[in-house]
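Reader: I have a model open and would like to learn how to read its folds. Could you take me through it step by step?

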Amino acid sequence: LGYVACDKTKEATARTLEFAYDDFCIAQMARELGKTEDARYFSSRALNYIKVWDPQVGFMRGHLADGSWKPHFDPFEWGSPFTEGSAWHYTWSVLHNVQGLINLMGGRDAFCTKLDSMFTLPPKFSVGHYKREIHAMTELVACNMGQYAHGNQPVHHVLYLYNYAGQPWKSQKWVRHAVSTLYGPGPDGLCGDEDNGQMSVWYLFSAMGFYPVCPGEPSYVIGSPLFSKVTLHLPNGKQFVILGNNNSPENVYIDNAGLNGRTFDKTYITHQTIMEGGTLSFNMADVPNTTWGVGPDAAPFSMHNRR
């Protein structure tokens, strides 16, 4: 089938999407080990997310074992084919091939328009098979970011996806908004359940200015640094410094950037670059620079644009 049937297994569509990402990671390991055939096999399985994409509704959707779609589709319904979330949350779960997802949605403009809708829609939900309001639904409403449910981890990469589609300033805006409004020093300082430290580690990465959207591929996607200066003391004895020049609560946008004194206009940075030490400098502003980070090679890694 290429997908997990939702009439046979609980949370099947979430499993299909996560298994596709897992297979990508296996392919990465196989490639590093020189196992070419294994890498090719698991890379093909990593495309199984396509099997649960329904172009008629524009979302990932539950598939039945007989090949038909699960009936009565509601993008606001939680659970059933998904895990503590809805189609609005899991449709973006193609961490390893965002460009492939952009293609499915009809290109960059359509992709960004749908992302925009996620933040402008009301934070409504249908309880679905849970038959009651669970904590993650309550947190969706409390976060007040439309359908973006930061209180539950499956969407933690979503704010960074504008970088893949040529509108990185929107990632900068929403990442800084989440960092500044959804976290705090008090007893209610986390906006959701702290599963294995993920809620906190998202903050730590995002406050530094980048986030690993696709673990298994050694690079980080740029957001909006919270601090004027962060120094990473690396295990090899070197240091990597992130500067947020002119940073302030209003100056959330990257006007321009430099890496070790040279112009830097990509919306990602590799792990190797960080480990080599140096300085990544962002000059921040209160208005977006819609020409920074939009070049043909500026987008982060996807399987479709493997470098």
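Author: We go from the whole chain to its sheets and then to its helix pairs.

Author: This is a predicted model, so local features need pLDDT of at least 70 and side-chain atom pairs count only at pLDDT 80 or more, while totals for chains, interfaces and linings use all residues. Residues are numbered from 1 along each chain as its sequence is written, and side-chain values use heavy atoms, with hydrogens and water left out.

Reader: How many helices and strands are there in the protein chain?

Author: Helices (H or I, at least four residues) and strands (E, at least two) are DSSP runs, numbered from the N terminus. The protein chain has 9 helices and 10 strands.

Reader: What is the radius of gyration of the protein chain?

Author: The radius of gyration is taken over C-alpha atoms, and the globule rule is 2.2 Å times the number of residues to the power 0.38. For 307 residues, a compact globule would have a value near 19 Å; the protein chain has 19 Å, which agrees. Its C-alpha trace spans about 60 × 50 × 35 Å along the principal axes.

Reader: Now the sheets. What is the order of the open sheet of 5 strands?

Author: Start with the general idea. Strands of a sheet pair through backbone hydrogen bonds, either parallel or antiparallel. Here, two strands pair if DSSP finds at least two bridges between them. The order is β5-β6-β10-β7-β8, and the pairing is mixed. β5 (229-233) and β8 (262-263) stand at the edges with a single partner strand each, so one side of each is left without a neighbour in the sheet.

Reader: Which strands run parallel?

Author: Strand β6 (residues 239-245) and strand β10 (residues 278-285) do, joined by 6 bridges. Find I242 in the model: I242 stands opposite L280 in β10. Next, L243 has S281 as its bridge partner in β10. G244 has F282 there.

Reader: And which strand pairs with β10 in the antiparallel sense?

Author: Strand β7 (residues 253-259) does, over 6 bridges. Look for N256, which stands opposite N283 in β10.

Reader: How many residues lie between β5 and β6 in their hairpin?

Author: There are 5 residues between them. In the turn, G237 has a positive phi of about 90 degrees. β5 and β6 run antiparallel, with 5 bridges. One of the pairs is H233 with Q239 in β6.

Reader: What is the order of the open sheet of 3 strands?

Author: The order is β3-β4-β9, with antiparallel pairing. Its edge strands are β3 (210-211) and β9 (268-270), and each pairs on one side only. Strand β4 (residues 219-222) is joined to β9 by 3 bridges. There, V221 stands opposite Y268 in β9.

Reader: On to helix pairs. At what angle do α1 and α2 cross?

Author: Axes are lines fitted to C-alpha atoms, for helices over the stretch in contact, and angles run from 0 to 180 degrees between N-to-C directions. Helix α1 (residues 12-32) and helix α2 (residues 36-45) cross at roughly 165 degrees, and their axes come within 8 Å. That makes α1 roughly antiparallel to α2. Angles under 35 degrees count as roughly parallel, over 145 as roughly antiparallel, 65 to 115 as roughly perpendicular and the rest as oblique.

Reader: Which residues make the contact of α1 with α2?

Author: Contact means heavy atoms within 4.5 Å. Among them are F24, I26 and A27 of α1, and A39 and F42 of α2. The contact residues divide into 7 nonpolar, 1 polar and 4 charged. Ala, Val, Leu, Ile, Met, Phe, Trp, Tyr, Cys and Pro count as nonpolar, Asp, Glu, Lys and Arg as charged, and the others, Gly among them, as polar.

Reader: How are α7 and α8 placed, and which residues meet?

Author: Helix α7 (residues 168-181) and helix α8 (residues 198-208) pack at about 125 degrees, with axes 10 Å apart. They are therefore oblique to each other. V175, A178 and V179 in α7 meet W202, Y203 and S206 in α8. These residues divide into 5 nonpolar, 1 polar and no charged.
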